[in-house]
Amino acid sequence: MLNQLKSFLQTLRGFVFSAIMLVTLVVFLGVTLAASLLYENIISRQAEQTSQALAEQTFNSMFQVMRQGWTRQQLDTFLDGTADAFSDSPYQVEIYRGRVVEELFGSIGQPQTDSAIERVFAGSGEQVIHDSGLVRRVFPMQARDECLSCHVNAEAGDVLGVIDIQQDLNPITAEMRRNYIALFLGFGFLVFILAAAITGYVARRINRSTQNFKQRLEQVNSVKDFKQLDISQGQFEFTELNQAFTGVNYLVEQLKDVAVDKDILEFEIRLLEKFIITSDIVRDWREFIKDLLIDINTILEAHSLVTVFQVEDEGYELEIFWRYQVTEETRAQFEKVVRQQLEKSTHFHREAPILGIIHHIADPSIEEHATQAELTLQDIDLQTKSLLLETPKIGGVVGIGVQSEIARDPIRHMVIGSILTTLLNLVGSVKAIYKYTKDLEYYATRDPLTGLYNQRLFRELLGYEIGRSQRHKNSFGLVMLDLDNFKNVNDRYGHAFGDQFLQAFAKTLEEAVRPGDILARYGGDEFVLVLPEAGEEQAHSVAQRITQHLEKLSLITPEGNKVRATSSIGIAIYPTHSQNPADLFVMADNMMYKAKRSGKNAIAVPDENEVAEVFREVGEKNEMILNALEERRIVPYFQPIIDLKTGEIAIHELLMRIRENDQIISAYEFIDVAEKIGVVHKMDYQLIEKAFEQIEEQGYQGQIFINLSPRSLIIGEFITRVHALARAHNMETERVVFELTERETVSNMALLEKFVLDLKMEGFNFAIDDFGSGFSSYHYIKHFPIDVIKIEGEFIRNMLQDDKYMAFVKSIVTLAQNLGMKTIAEFVEDEKVLQAICDLGIDYAQGFFVGRPSQELVSSDPRMEAFFNKS
């Protein structure tokens with residue numbers, strides 16, 4: 001069994017599997033440990049804070065009673081009551097009387113004190129003790145000036161008693177650790193399945209490539225078979241394998257033409273390792289040529305190697321590599337030979353100058369040749385073999401100089417010539433690849449005309465963005481754009497002007513999109529745009545900005561006419577419209593053609609019918625939502641809002657529920673899913689329709705508040721459709737108030753402004769919900785005709801305990817009153833808060849104390865009537 005496991009780990013499948021398991025589980029263990037320690041620390045701190053609050057509250061309660069004077073019986077009753085109050089809680093509270101009190105009032109039975117209690121009595125101050133999961137606070141009750149009237153034997157600051165509060169955190173931490181262990185086991189099982197799937201997939205793909213390569217080699221049984229062997233790039237599963245096999249293929253092609261004896265074969269084989277061009281060689285090509293020149297000299301004497309390359313249209317760049325240091329006279333003579341060869345070649349422009357000649361020394365340590373290496377012009381000319389690189393025409397020439405004795409050897413001359421030719425090709429290729437690597441890298445990912453990303457890179461980036469969004473649980477937008485009537489521009493003004501038009505269009509798109517957005521030319525006059533971390537509203541906003549920028553774009557044709565650009569734009573949102581890149585692209589593409597069909601120069605997003613069709617079969621909750629929508633099981637609930645001046649229920653907020661069998665499902669369980677699949681506005685229609693029917697049947701005459709989803713802002717017919725429903729059910733528009741949460745409106749102010757103005761045009765009212773929760777509260781007040789402000793519930797809930805919250809509420813109320821806006825306090829959950837907001841002058845109150853959501857429109861509440869009658 002152990003040997004089998006060892007053998008498995010030595011395979012590629014076992015390596016990938018073990019690596020995934022190890023890394024994932026180590027990371028998860030680390031995160032789990034950190035989270036556990038952090039959670040225990042937080043629990044401990046909360047326990048400290050709670051014990052401090054309990055101690056201060058207990059002491060203050062005793063102080064308030066003691067300042068009025070109390071008897072021994074009242075003291076016993078207070079102590080017993082305190083013990084009973086904490087009997088069912090995780091806290092254990094004991095109160096100890098000090099010696100000062102016992103001296104004056106006598107002693108009573110109390111628990112035995114310990115060292116911590118004694119230290120506090122001795123004046124060490126408040127003690128907080130952590131011991132094996134137990135958090136203990138020992139709180140001194142110090143005498144105040146008011147206490148000295150009764151405690152005549154004490155002075156201000158003396159410790160009259162001690163409150164000992166203890167809480168055992170071990171049950172909480174033990175439960176937390178059990179939960180983490182269960183989570184770890186479940187996660188480990190999922191990682192095991194995922195690792196097995198990934199390793200299987202990777203192993204299968206690599207096995208296919210290696211088997212393919214092996215089968216081709218097994219077919220070689222003779223020299224004839226060897227010459228027919230072809231290992232072409234692009235036939236294997238992975239780029240790395242293709243690159244590796246390209247080098248092998250290059251070697252095979254060189255060996256095919258070898259037909260020499262053993263000595264010559266060995267002579268050539270020793271150079272074969274130089275024929276593989278790697279990225280390191282291309283990057284350090286000069287060092288490669290130096291090393292190559294030194295290696296050549298182990299086989300034959302070669303004094304120099306030359307490269308000449310054209311630098312754009314400016315001239316030529318000449319670099320000469322010497323094996324060793326030569327005299328200045330030799331350098332000058334060699335340069336003269338090179339110039340003469342260039343003048344004879346039709347490959348070069350005679351008018352183009354040689355911009356510079358650079359000499360390199362391959363082996364500076366060779367000094368003995370410095371005085372001997374003095375070659376004549378005739379020697380250099382006869383001993384130099386040159387090659388003009390015609391295929392491909394890379395704009396360069398290379399040459400190599402060898403000693404005449406070997407070059408003129410009749411036996412080996414032919415083989416040496418072929419070897420030198422191969423070396424020259426190798427050097428020329430390395431230099432050419434270096435020269436053009438940057439351009440090749442650029443145009444491998446860019447569209448040559450516009451400079452934008454090309455289609456291939458776009459598809460890779462789209463897949464990357466889907467993976468990134470899955471990990472971070474973000475959405476993103478995919479936008480397809482088509483240049484309207486571009487064919488007419490090409491046909492009428494020519495392709496040259498059409499190219500200029502596409503370049504100007506691409507530049508306008510670059511100026512309109514956000515930093516970090518991915519813009520690509522998909523092909524022809526189609527462009528694509530990925531908007532990271534963008535929802536439908538943001539994508540629509542970017543599309544509108546593009547349209548606005550295009551309105552300013554115009555080009556003058558060769559005939560002097562002015563041509564403008566418009567675009568049809570389609571939008572799809574991940575994961576709302578698809579979680580698959582191909583399907584998401586199809587959705588955006590269909591929307592683009594939908595925009596074209598609507599008259600061009602338009603923006604299209606999937607409507608409810610398209611989205612419902614696409615996502616009808618996804619997930620149980622999706623199916624539940626869609627079925628409820630189709631079967632009209634959207635149920636209106638109404639939460640009452642009271643007028644604080646009259647005590648009457650004047651407003652109801654409309655809330656959405658779904659009836660599933662005998663169960664009523666609250667909106668928080670499905671509203672996010674409904675927004676993701678793009679049907680929430682359709683649910684709103686059904687909800688509003690049913691609510692208006694009920695309002696008409698009951699004869700309700702108050703206002704109705706309706707929550708809006710952000711998607712409603714970009715549904716053009718939303719306001720018109722709601723207006724039609726109100727008219728059909730005799731509902732005056734001024735009784736309908738649309739409310740939008742402040743946090744949801746920040747991303748697109750221009751779209752919100754247009755939406756609010758359209759609301760007001762139709763007679764509806766507008767409210768901002770959770771006012772104060774975002775960062776643009778006063779910006780909204782300044783720019784929008786707001787009728788009602790619903791004050792953030794957190795402020796209302798905490799304003800009696802926190803002066804800052806109270807200050808926020810007061811400032812909002814004052815501002816609203818000065819601007820003629822009504823205010824509603826949310827989260828009114830007890831009588832004290834209700835009384836406080838009445839005193840502040842807030843107009844309306846909403847919360848569970850006022851009334852819980854129900855299926856009925858209520859006209860009064862006995863509890864509220866009793867409250868206002870008492871007030």
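These are my entries, from the whole chain down to single residues.

**Entry 1: what kind of model**

First thing to write down: this is a predicted model. The mean pLDDT of the protein is 76, and 71% of its residues reach 70 or more. Where pLDDT is low, the predicted coordinates should not be read in detail. I left those two stretches at that.

**Entry 2: the overall count**

The protein has 871 residues, and 46% of them count as buried. I noted 31 helices and 25 strands. The accessible surface comes to about 45,800 Å², with 52% of that belonging to carbon and sulfur atoms. For contacts, I took residues at least 6 apart in sequence: 68% of those contacts join residues at least 24 apart.

How far does helix α19 reach from its first C-alpha to its last? I got 23 Å for its 16 residues (536-551), close to the 22 Å expected at 1.5 Å a residue. Its buried residues include A539, V542, A543, I546 and L550.

Helix α20 (residues 581-597) got the same check. At 1.5 Å a residue its 17 residues should span 24 Å, and its end C-alpha atoms are 24 Å apart, so the two agree. Among the buried residues of α20 I listed L584, F585, M587, A588, M591, M592 and A595. D589 and K596 are buried there as well. After α20 comes G599, and its phi is positive, near 120 degrees.

**Entry 3: salt bridges**

How many salt bridges are there? The count comes to 19. I followed three of them.

R468 and E465 meet through their side chains at 2.7 Å, N to O. Both are in helix α16 (residues 455-472), and because they are three residues apart, about one helical turn separates them. An α-helix has 3.6 residues a turn, so residues three or four places apart point the same way. R468 is buried at a relative accessible area of 15%, and E465 is buried at 2%. I also checked what else touches E465. Leaving aside neighbours within four places in sequence, E465 is in contact with F476, V530, P532 and E533.

E732 and R735 make another salt bridge, also listed at 2.7 Å, N to O. Are the two partners buried or partly exposed? E732 counts as partly exposed at 34% relative accessibility, while R735 counts as buried at 10%.

K790 and E826 were next, with a salt bridge of 3.7 Å, N to O. K790 lies in strand β23 (residues 788-791) and E826 in the loop between β24 (822-825) and α30 (831-840), so the pair ties together parts that are 36 residues apart in sequence. K790 counts as buried at 0% relative accessibility, and E826 counts as buried at 8%.

**Entry 4: a patch on the surface**

Then I went outside. Which residues form a nonpolar patch on the surface? I found F189, L190, F192 and I193, with about 430 Å² of accessible area together. I193 is found in helix α6 (residues 170-218). Its relative accessible area is 41%, so I193 goes down as partly exposed.

**Entry 5: one last residue**

I ended on E630, which has its place in helix α22 (residues 620-630). E630 is partly exposed, with a relative accessible area of 48%; the cut-off for exposed is over 50%, so the label stays at partly exposed. I also took one distance from here. E630 and Q686 are 56 residues apart in sequence and 9.9 Å apart in space, C-alpha to C-alpha.

Key
Residues are numbered from 1 along each chain as its sequence is written. This is a predicted model: local features need pLDDT of at least 70, side-chain atom pairs count only at pLDDT 80 or more; totals for chains, interfaces and linings use all residues. Side-chain values use heavy atoms; hydrogens and water are left out. Patches are made of residues with over 30% relative accessible area and no salt bridge: like charges are joined within 9 Å, nonpolar side chains (Val, Leu, Ile, Met, Phe, Trp, Tyr) within 5 Å. Accessible areas come from the Shrake-Rupley method with a 1.4 Å probe; for residues, only the protein chains shown count as cover. A salt bridge is a side-chain nitrogen of Lys or Arg within 4 Å of a carboxyl oxygen of Asp or Glu. Helices (H or I, at least four residues) and strands (E, at least two) are DSSP runs, numbered from the N terminus. Buried means under 20% relative accessible area, exposed over 50%, partly exposed in between (1.4 Å probe, protein chains only). pLDDT is the predictor's confidence in each residue, from 0 to 100. The expected span of a helix is 1.5 Å times one less than its number of residues. Contact means heavy atoms within 4.5 Å.
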